[in-house]
Amino acid sequence: MSTTLAAPSGISGTASALRKLYFVRFAFALVWAGVMLTMADEITPAGGVLLVLYPLFDVGAAVYDARVSRSTGSPRLLYVNMAVSALTAIGLAVAATSGIPAVLRVWGAWAVVAGAVQLIVAVPRRAMGGQWPMILSGGISVLAGASFIAMAGGDKPELSSAVSYAIPGAVFFLLSALRLGRSAKDK
C-alpha cells in the first residue's frame, strides 16, 4: 500500500495546507526551544542531537511545503532551503564537537540564508494572505543570524541566545497560521 500526498488545488487549498504546517512548526519550535534551553550551558550528546534535529525538521517542512504549494508557483527556492538545511544539520553535527562558538557560526549562517529564502518565498505569496509574519520573520532571521556569527567571536558566546531565536520564529508561524485561516474565510 502506498500513500502519496496530493497537492491541494488553488490558493485556498495551499493556504489551508500551509496553515496546518505552520501550526505544526509553531508547536515543534516551542517544544524544541523549551527542551534545548534546559541544556544550553554546554553541548551534551543529547543537546548535539537536538541541534541537528532542528534543521532536519526544517528540511521536512520544506518538503511538505514544496509538495502542497506546487500550484501557486515554483518550489525552486524551497529546494534551496532543503539543501541548506540538510547541509546545516551536517555542519551542526561537526560543530557540536568543537564547542559553542562553532555551533553559533553554523547556526548563524543558516539563519541568514534560511531567513533570506523565507523572505523571498513569502513576498510572492502575499496574495494568499498570512505572509506578513513570514516576511518579518525572514528579515529578522537574517539579522539574528548575523548577530550569532558576531557573538561566536565574543568573550562569552552563549548558545541560549541562538536557541531562544526559535521562540519568536514559533510566534511568527502561529500568527501566519491564524492569518491564513482568516484569509481562507474571507475568500
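User: Which residues of H3 are buried?

Analyst: The buried residues of H3 are Leu-78, Asn-81, Met-82, Ser-85, Thr-88, Ala-89, Leu-92 and Ala-95. They lie on the same side of H3, because they cover an arc of only 155° around the axis, the arc being that of the directions from the helix axis to the C-beta atoms. Buried means under 20% relative accessible area, exposed over 50%, and partly exposed in between (1.4 Å probe, protein chains only). This is a predicted model, in which local features need pLDDT of at least 70, side-chain atom pairs count only at pLDDT 80 or more, and totals for chains, interfaces and linings use all residues. Residues are numbered from 1 along each chain as its sequence is written, and side-chain values use heavy atoms, with hydrogens and water left out.

User: Which residues are exposed on the other side of H3?

Analyst: Arg-76, Leu-87, Ile-90 and Val-94.

User: And what do the buried ones pack against?

Analyst: The buried residues of H3 pack against helix H2 (45-68) and helix H4 (100-122). Contact means heavy atoms within 4.5 Å.

User: How many helices and strands does the chain have?

Analyst: The chain has seven helices and zero strands. Helices (H or I, at least four residues) and strands (E, at least two) are DSSP runs, numbered from the N terminus. Of the 187 residues in the chain, 45% are buried.

User: Changing topic: what volume does the largest pocket have?

Analyst: About 490 Å³. A pocket is an open set of points on a 1 Å grid over the protein atoms alone, where a 1.4 Å probe fits, with protein on both sides within 12 Å along at least five of seven lines; lining residues have an atom within 4 Å of a point. Grid points are joined across faces, edges and corners, and the volume is the space filled by probe spheres set on the points.

User: Which helix gives the most to the lining?

Analyst: H4, with eight residues.

User: How many of the lining residues are nonpolar, polar and charged?

Analyst: The lining has 20 nonpolar, seven polar and four charged residues. Ala, Val, Leu, Ile, Met, Phe, Trp, Tyr, Cys and Pro count as nonpolar, Asp, Glu, Lys and Arg as charged, and the others, Gly among them, as polar.

User: Is Ser-141 buried or exposed?

Analyst: Ser-141 is buried, with a relative accessible area of 5%. Ser-141 sits in helix H5. Neighbours within four places in sequence aside, Ser-141 is in contact with Ala-111, Val-112, Gly-115 and Tyr-165.
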